[in-house]
Amino acid sequence: MAKKPDFDTLAVRAGQERSQFNEHSEALYLTSSFVFENAAQAAARFSGAEKGYVYGRFDNPTIDMFQRRLAALEGGEACVATASGMSALLSTVMALLSGGDHIVSSQSVFGATVNLFSTILSRFGIETTYVKATDIEAYKNAIRPNTKLIFIETPSNPLMDVVDIAALAQVSRAAKVRLAVDNCFCTPALQQPLALGADIVIHSATKYLDGQGRVLGGAVCGNKADMEEVYKFLRTAGPSISPFNAWVILKGMETLRIRMEAQSANALELAQRLEAHPKVARVLYPGLASHPQHALAARQQSGGGAIVSFEVKGGRNEAWRVVDDCRLLSVTANLGDTKTTITHPASTTHGRITQEARAAAGINESLLRVAVGLESVDDIFGDLLSGLG
Ligand SMILES: *Cc1c(COP(=O)(O)O)cnc(C)c1O
């Protein structure tokens, strides 16, 4: 048996299927439906008796290539692509939970995730309990007989809390509850949650998988049985990804590891320089020895990632001045781009959750989040220095 290809090989090659034209690069199939030979084949395709493409809401060859490639990189049996990261999360919950079920979630998760759980799913009888991201006992204690899902993000947005995936997987396995990990910040290039015992990986492909801020996309990876349920929801409810977006992300994944390594190296350098600056109160970056879960991050991740959060001395005014004095960094809430971005989470990504929820999550007015890109770190740091004074 030939050896299993390495990550770098999978990133470039996995999942490709050539058409009768033998194109070298992955083909983009922009079509909303597929033609059948005759009525009998149409019937067989619709009933599922015959495998093959039917309709763009269900599947598409370009989307399939994206799904196979990401499944290979995450080490999952299967993957379902979705229109966005949020629809990946929604599809997972709608497929695997029912009214009356319960979620235990880390409190340090993306703002829209909290909104989805607390203001939307709650209307359908799905309740969520939030616990401190890093407190494994707290997850265990929050599990009830009707708990169906433990949900975490690691490292978390924007505080960079690192959750011990292997330890939490032991808790979830013992309780027969699925563990889902939002792997947006690390991507499979730096962290593979399924290998650490998680059941489901959720992606906003909008971020590093695309890597250049072009399109929206999302994905769910896991075992065949779970992904079959997610797929059934998707093909009926319709949060399907556009083939064009899937193609952009598929090609983006070819450079994923190289980008993640270069952006992580930039981020570490920036974090070290910020930590030494007198106007900076605190730097939150897993690659720094000062990070509370530095040892865990070193074990669990093969790099610190490209997000550096830091608190300036002062409050909102001082933080906003750093943003407003940026000439190079893009003032945008997006992340995962080769262009460095800066955001003030308390008034943007986390602005719609309540003041109490924000305080509980530790997101204060002096916090800034920089998603480090591929520009020179001298230029990135220089831009931040203007507003730091
Ligand atoms: C952006 C993001 C999401 C949501 O993804 P969209 O593609 O914007 O829907 C979810 N989780 C994390 C950590 C994110 O950064």
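**Entry 1**

I began with helix α15 (residues 377-388), which lies across β8, β9 (307-312), β11 and β12 and runs at about 15° to β9. The model I am reading is a predicted one.

I then looked up the sheet that holds these strands. It is an open sheet of five strands with mixed pairing, in the order β8-β9-β12-β11-β10. I noted β8 (280-284) and β10 (330-331) as its edge strands, each pairing on one side only. T341 has A371 of β12 as its bridge partner.

**Entry 1: the seven-stranded sheet**

Next I traced an open sheet of seven strands, again with mixed pairing; its order is β1-β7-β6-β5-β4-β2-β3. At its edges I found β1 (78-82) and β3 (127-131); each has a single partner strand, so one side of each lacks a neighbour in the sheet. On average, neighbouring strands here are turned by 20° against each other, direction ignored.

Inside this sheet I looked at β4 (residues 147-153) and β5 (residues 178-182), which run parallel and share five bridges. F151 is bridged to A180 in β5.

I listed two helices packed on the sheet. Helix α4 (residues 85-96) touches β1, β2 (102-106), β4, β5, β6 (200-204) and β7 (218-222), and its direction makes about 150° with that of β6. Helix α9 (residues 224-237) touches β1, β5, β6 and β7, at about 25° to the direction of β1.

**Entry 2: domains**

I took the division of the chain as domain 1 (7-254) and domain 2 (256-388). Over C-alpha atoms, the centres of the two domains are separated by 26 Å. I read off 42 residues of domain 1 in contact with 37 residues of domain 2.

T255 I looked up separately, and I placed it in the loop between α10 and α11. T255 counts as partly exposed, at 35% relative accessibility. From T255 to Y208 the C-alpha distance is 9.9 Å, and the two are 47 residues apart in sequence.

Beyond residues up to four places away in sequence, L70 touches C79, P188, H203, L209, A219, C221 and M253.

**Entry 3: K207**

I checked the annotation last. In an unreviewed entry, UniProt lists K207 as "modified residue: N6-(pyridoxal phosphate)lysine". In the model, K207 is found in the loop between β6 and β7.

Is K207 buried or exposed? The relative accessible area of K207 is 10%; the cut-off for buried is under 20%, so K207 is buried. Leaving aside neighbours within four places in sequence, I found K207 in contact with C184, N334, L335 and G336.

Technical notes
Residues are numbered from 1 along each chain as its sequence is written. This is a predicted model: local features need pLDDT of at least 70, side-chain atom pairs count only at pLDDT 80 or more; totals for chains, interfaces and linings use all residues. Side-chain values use heavy atoms; hydrogens and water are left out. Two strands pair if DSSP finds at least two bridges between them. Helices (H or I, at least four residues) and strands (E, at least two) are DSSP runs, numbered from the N terminus. Axes are lines fitted to C-alpha atoms, for helices over the stretch in contact, and angles run from 0 to 180 degrees between N-to-C directions. Contact means heavy atoms within 4.5 Å. UniProt positions are given in the numbering used here, feature names are shortened, and annotations may be inferred rather than shown by experiment. Buried means under 20% relative accessible area, exposed over 50%, partly exposed in between (1.4 Å probe, protein chains only). Domain bounds come from an automatic or database domain assignment.
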